[in-house]
Amino acid sequence: MNDYRRKPYKALSNTTTRSKMSMCSRTKYIWMDGELVECGKAYIHVMTHALHYGTAVFEGIRGYWDGNNLYIFRLRDHMIRMINSAKIVGLRLGYGLEELIDATVKTVRVNEFQENIYIRPIAFAGEGSISLDISKVPTRVSIAAIPFGHYLKPKGVKVKVVSWRRVPGFSMPVMAKASGIYLNSVIALSEAISSGYDEAVLLDWRGYIAEGSGENLFIVRRGVIYTPPVYASILEGITRDTVFRIAEDLGYKVEERDITREELYVADEIFMVGTAAEVTPVIEVDGKTIGSGSPGPVTQKISNYYKEIVLNKIPKYREWVTPVY
Ligand code: PY5
C-alpha cells in the first residue's frame, strides 16, 4: 500500500532540503507580498484562510522563449482578470494593475529563464482569523514562475463528459478565477482519469456543454466554429478570446451558442483552449471517435497561428506580448 502521508514536517524544515524539492530546482525566486524571496523559503502558515476555505483568486500565464527572448502572453489581460476576480470575491488586493505587471516581469527576469514558462500569480486570504468574514484577514499576494512544457497531449486528447456538472453562476461566481471553484474541476478531472480518459468535459446546470476542467471548448461543424456562451457557467477564457481573433483573421465564422452533448459526438472537429492547454485537439468523446480521429484542419490552422502570435511573429498582436529581456 502506498503511504501517501507527507513525511514529518521536521524532515523538510531546513532550507537546503526544501530548495532541493522539484518546485525549486529551476525557480530561484518567488515574489511574495512585495519582495523577492528564495523559492525554498516561499512558505505560508497552515492557518492560512485560503487553505481552509478556498478564498483566493489566481491566474495562469505563459511565457514563450524563442531562442533570444522570453515573451509573456497577454500579461495585462490576465492581471485585469485577476483584479476583477478579486473584486467579485471581495478580496482587497492592495496592488494596482501596473504594480502586478511590473512585479511579474521582475520575477521572471530575476530567475533568468531561457525556456517556456508558466506564471502563477495568486492573491489569497492570509492568516489571523478562522471567521468566514474575509475582511478580517489580510490579503497576501505571490507570483511564482516555473519552466513548463505541454499540459495536455498536443496530438489530441480523449475526453469524458463527466457526471459532475460545472457549478452554476447562481451558486458560485464562475466568472472569477477563484480557487474554491477549482474543487469542481478537480473532482471532474479525477472522474475522467479514473475512467481511463485524459480530460473531463463538464455540462452546465441546464445540461448544455460548459467547458473542460481547465479549458474552454470549441467544436467545428460544416465549416462553422461554435463555442458555449459565458452564461453556460464557463470561465471567460483569454485564450478563447484569442481564438475569436484568430478565427476572424483566418476567415472562419464563430458562433457563441449552447452546444448539446450529442453535437460533440457528431462534430467534425473539437478542440480545447486555455493558457496551459493552448490549442489542444480532442480526438475522442465518451469512446466515440471525432472526425477522422486525428487533429482536423481547422484545429491545426488555429493552433499554428496561435503559436506564431505567442512568439511575437504577428506584428498586429505585438501589444499582447511582453518581452522580458
Ligand atoms: N476554463 C477553466 C475552468 C480554466 O481553468 C481555464 C484556465 C480556462 C477555462 C481557460 O482560460 P484562459 O484561456 O484564460 O487560460 N485554466 C488555467 C490555465 O492556466 C489552469 C489550468 C490548470 O490554463
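Q: In this predicted model, how far is a polar side-chain atom of Lys 177 from a nitrogen atom of the ligand?
A: A polar contact is a pair of N or O atoms within 3.5 Å. The pair formed by the side chain of Lys 177 and a nitrogen atom of the ligand lies at 3.1 Å.

Q: Which residue has a polar side-chain atom 2.5 Å from an oxygen atom of the ligand?
A: Look among the residues closest to the ligand, including Tyr 118, Glu 211 and Thr 239. The side chain that places a polar atom 2.5 Å from a ligand oxygen is that of Thr 239.

Q: How much of the ligand does the protein bury?
A: Start with the ligand taken alone, which exposes 520 Å². Of that area, the protein buries 94%.

Q: Which elements give two or more residues to the shell around the ligand?
A: The ligand takes up the space of the second largest pocket. Two or more shell residues come from each of α6 (238-250) and β14 (269-274).

Q: How many residues of the shell around the ligand are charged?
A: In total, 19 residues surround the ligand. Seven are nonpolar and eight are polar. The charged residues number four.

Q: Which domains each give at least three residues to the shell?
A: The shell draws on two stretches of the chain, 10-147 and 157-310. These are domain 1 and domain 2.

Technical notes: Residues are numbered from 1 along each chain as its sequence is written. This is a predicted model: local features need pLDDT of at least 70, side-chain atom pairs count only at pLDDT 80 or more; totals for chains, interfaces and linings use all residues. Side-chain values use heavy atoms; hydrogens and water are left out. A residue is near a molecule or strand if one of its heavy atoms lies within 4 Å of it. A polar contact is a pair of N or O atoms within 3.5 Å; within protein, one must be able to donate a hydrogen and the other to accept it, and residues adjacent in sequence count only if both atoms are side-chain atoms. Accessible areas come from the Shrake-Rupley method with a 1.4 Å probe; for residues, only the protein chains shown count as cover. On a 1 Å grid over the protein atoms alone, a cavity is a set of points where a 1.4 Å probe fits but cannot get out, and a pocket is an open set with protein on both sides within 12 Å along at least five of seven lines; lining residues have an atom within 4 Å of a point. A molecule sits in a cavity or pocket if more than half of its atoms lie within 2 Å of its grid points. Helices (H or I, at least four residues) and strands (E, at least two) are DSSP runs, numbered from the N terminus. Ala, Val, Leu, Ile, Met, Phe, Trp, Tyr, Cys and Pro count as nonpolar, Asp, Glu, Lys and Arg as charged, and the others, Gly among them, as polar. Domain bounds come from an automatic or database domain assignment.
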